Amino acid sequence: MSMNIPVDFSIDDKAASAWLPAVRFGFVSILVFGLLYPVVATLAGGLLFPQQANGSLILRDGKTVGSSLVAQNFVSDRYFQSRPSAANYDPRAMAGSNLASTNPVLRGRIAESSKAIAIRENIAANAIPVDMLTTSGSGIDPHISPASARVQSARIARVRGLSAAQVQAAIDANTQAPSFGVLGQARVNVLQLNLA
């Protein structure tokens with residue numbers, strides 16, 4: 001024996017008045033925060049900070065040579081070398097190595113790099129600044145320490161036929177002080193130094 005129980009799916013005015021404001025608020029929120037705010041923020045950023053909004057690109061003779069925010073792999077002896085990159089200098093693959101200091105792979109890579117840098121720069125392995133051996137957290141940090149630049153200055157002077165004083169003057173001119181005088185350390189942007 002089956003019973004047919006009538007079901008009423010109609011919405012009364014009281015129920016509609018309860019959820020209608022929520023739907024309106026949701027629609028307005030999506031419109032304002034999902035469309036209007038991003039458009040205004042993007043336009044304001046482009047107007048107020050055009051260099052940064054376009055990737056902090058560096059132009060040379062009207063041609064883009066890189067970004068002041070992204071490290072590049074300089075392989076020629078004519079150029080200052082960037083610090084190692086766990087991301088292979090690819091901004092789309094930004095990452096640190098996540099290897100602990102006790103990891104044998106990291107220790108092996110540092111030992112190998114120490115030997116190569118000591119030979120290339122004609123210095124003792126224990127005189128190599130740590131940032132020339134370790135990767136940054138992002139994997140694409142464009143800066144080295146002034147000490148790392150000084151270690152490379154003799155090679156740059158020799159290969160380019162410059163005096164040590166000329167190379168040091170370029171390093172000094174491209175050394176940035178800690179942010180606000182206290183945050184971080186002095187640093188040198190490798191691309192800007194190589195262009196100088």
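Along the sequence, the chain follows the pattern α-α-β-β-α-β-α-α-β-β-α. It holds 6 helices and 5 strands, where helices (H or I, at least four residues) and strands (E, at least two) are DSSP runs numbered from the N terminus. The radius of gyration of the chain is 28 Å, well over the 16 Å that the globule rule gives for 196 residues, so the chain is more spread out than a compact globule. The radius is taken over C-alpha atoms, and the globule rule is 2.2 Å times the number of residues to the power 0.38. Taken along the principal axes, the C-alpha atoms fill a box of roughly 100 × 50 × 35 Å.

The model is predicted: local features need pLDDT of at least 70 and side-chain atom pairs count only at pLDDT 80 or more, while totals for chains, interfaces and linings use all residues. Residues are numbered from 1 along each chain as its sequence is written, and side-chain values use heavy atoms, with hydrogens and water left out.

Of the 196 residues, 28% count as buried (under 20% relative accessible area, with exposed over 50% and partly exposed in between; 1.4 Å probe, protein chains only). The accessible surface of the chain comes to about 13,200 Å², and 63% of this belongs to carbon and sulfur atoms; areas come from the Shrake-Rupley method with a 1.4 Å probe. Among contacts (heavy atoms within 4.5 Å) with a separation of 6 or more, 55% are between residues 24 or more positions apart.

An open sheet is formed by 3 strands in the order 3-5-4, with antiparallel pairing. Strand 3 and strand 4 are its edge strands, each pairing on one side only; two strands pair if DSSP finds at least two bridges between them. Strand 4 and strand 5 are joined in the antiparallel sense over 2 bridges, and Thr175 has Val188 of strand 5 as its bridge partner.

Helix 4 comprises 15 residues (residues 146–160), which at 1.5 Å a residue should span 21 Å; the end C-alpha atoms are 20 Å apart, which agrees. The expected span is 1.5 Å times one less than the number of residues. A kink of about 40° is centred on Gln152, the bend being the angle between axes fitted to the seven residues ending at a residue and the seven starting there. Gln152 is also among the buried residues of helix 4, which include Val151, Arg155 and Ile156. The buried residues of this helix pack against helix 3 (104–121), strand 3 (143–144), helix 5 (164–173), strand 4 (175–176), strand 5 (187–189) and helix 6 (190–195). Just after helix 4, Gly161 adopts a positive phi of about 70°.
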